[in-house]
Amino acid sequence: MSNSKNRQFLIAARPEGLVKESDFKYVETPMPEPGEGEFLIHQEIVAVEPALRGQMENRANYAAPLQIGDVMRALGVGTVIESNNPDYKVGQRVQGLFGFQDYLVSDGKGMVSRIPDGVAGEAALYVFGGTGFTAYYGMAEVGKPTPGCNVLVSGAAGAVGSLAGQIAKILGAGKVVGIAGSDEKCRWLTEELGFDAAINYKTEDVAARVKELFPKGLDIYYDNVGGEILDIALANLAMNARVVICGGISRYNKSGPIEGPKNYFNLVYSRATMTGFIIVDHVHRYKEWTEIMGKWIADGKLKYRIDMLDGFENLPKGLIRLFTGDNIGKQLIRIA
Ligand SMILES: NC(=O)c1ccc[n+]([C@@H]2O[C@H](COP(=O)([O-])OP(=O)(O)OC[C@H]3O[C@@H](n4cnc5c(N)ncnc54)[C@H](OP(=O)(O)O)[C@@H]3O)[C@@H](O)[C@H]2O)c1
């Protein structure tokens, strides 16, 4: 076993503009060996998310920046294959910040936890993990849908957006409209997920469509993209609207000063709020939300889609797909 190599992708360069395959360096290192109190994890599935690009830059935000030569950071799931730790026996399925690599050693402290029995690895990385709970918390507790309310979601065919729109419906929203970047994505939202309408922002006049679909304005705008689409939403707020700032992917590849929203002053006229959040502040509530969302999934009310890429070599590509819009639902990469 100790002859096996450990494939890794290291950070080779700080990304400029769109993150590129050449920002990563592929290396093979010896498989690590667990010391006293440690165990060896074989990683099977890796999850990518847009925020990882920001962590490749030398900017401190809520997560420490990565350095050139570091193993690329990412959440993943795997199995304990050797153990000197009685709390993590061989065969235990685990999840954590495992990075772009096959194997790693852990002492059980920090970002590693057991995957509950009955939960598939894919689900642990999506609906029953930070991505799924971002959709739940952002919509249910920041957006606060009221019966019959009007809801617009951007990035709607992505991992967070596709859940956020469905959660609004489950909680009693009236009209829920999604904005996404292809006709295929728009059809998926309306034909399979129960969105009332969808707008293809690449081919349609988003401002005109939002006005037409929401003549009385938006009660909730759930923002994953920022930029021009956020500005359009701000121009269409109903009284006491809630603008949920979950993400701003349209800015993630930009360098230099970024223009702020021109229409922010409508928050005043509409007595509206605009609230940002980071889901890692709410980890202590994951168990509670697993129960709520687990019931919706079991009842067929909440659907989720995994976009699985196969092959270790595709790890950088998986991250890039989030910015080219190639993913539908949650982007994961199976490496073993
Ligand atoms: N606040 C938090 O705690 C938290 C936690 C997790 C995620 N987030 C944020 O939530 C957002 C969604 O994350 P996710 O993991 O669910 O990713 P995702 O939506 O599955 O993937 C990103 C999607 O964004 C769209 N996109 C890419 N570039 C765009 C642009 N310039 N303008 C508009 N849309 C663009 C693409 O779809 P199209 O084809 O539609 O363009 C792409 O599929 C991200 O902004 C992320 O940073 C926040």
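Biologist: Which strand gives the most to the lining of the second largest pocket?
Modeller: Strand β6, residues 103–106, gives the most, with three residues. Keep in mind that this is a predicted model.

Biologist: Which residues lie nearest the centre of that pocket?
Modeller: Leu97, Phe98, Leu104, Val105 and Met111 lie nearest the centre, out of 14 lining residues. The second largest pocket holds about 220 Å³ of space.

Biologist: What classes make up the lining of the second largest pocket?
Modeller: Eight lining residues are nonpolar, four are polar and two are charged.

Biologist: Now the helices. At what angle do the axes of α3 and α9 cross?
Modeller: The axes of α3 (residues 130–143) and α9 (residues 286–298) cross at roughly 90 degrees. They come within 10 Å.

Biologist: Why is α3 called roughly perpendicular to α9?
Modeller: Angles of 65 to 115 degrees count as roughly perpendicular. The crossing is at roughly 90 degrees, so α3 is roughly perpendicular to α9.

Biologist: Which residues meet in this contact?
Modeller: From α3 come Gly130, Gly132, Phe133, Tyr136, Tyr137 and Glu141. From α9 come Tyr286, Trp289, Thr290, Ile292, Met293 and Trp296. By class, the contact of α3 with α9 has eight nonpolar residues, three polar and one charged.

Biologist: How many aromatic pairs are there?
Modeller: The count comes to 17 aromatic pairs.

Biologist: What makes Phe133 and Tyr286 a pair, and why is the pair called tilted?
Modeller: Rings pair if their centres lie within 6.5 Å. The centres of the Phe133 and Tyr286 rings are 4.7 Å apart, so they pair. Planes under 30 degrees apart count as stacked, and over 60 as edge-to-face. These planes are at 50 degrees, so the pair is tilted.

Biologist: How do you know that the pair links distant parts of the chain?
Modeller: Phe133 sits in α3 and Tyr286 in α9, 153 residues apart.

Note on methods:
Residues numbered from 1 in each chain as written. Predicted model: local features only at pLDDT ≥ 70, side-chain atom pairs only at ≥ 80, totals over all residues. Heavy atoms only, no water. Axes fitted to C-alpha atoms, helices over the stretch in contact; angles between N-to-C directions. Helix = DSSP H or I, 4+ residues; strand = E, 2+ residues; numbered from the N terminus. Parallel < 35°, antiparallel > 145°, perpendicular 65-115°, else oblique. Contact = heavy atoms within 4.5 Å. Nonpolar A, V, L, I, M, F, W, Y, C, P; charged D, E, K, R; others polar. 1 Å grid on protein atoms, 1.4 Å probe; cavity = no way out; pocket = protein on both sides within 12 Å on 5 of 7 lines; lining within 4 Å. Points joined across faces, edges and corners; volume = space filled by probe spheres on them. Phe/Tyr/Trp six-rings, centres within 6.5 Å; stacked < 30°, edge-to-face > 60°.
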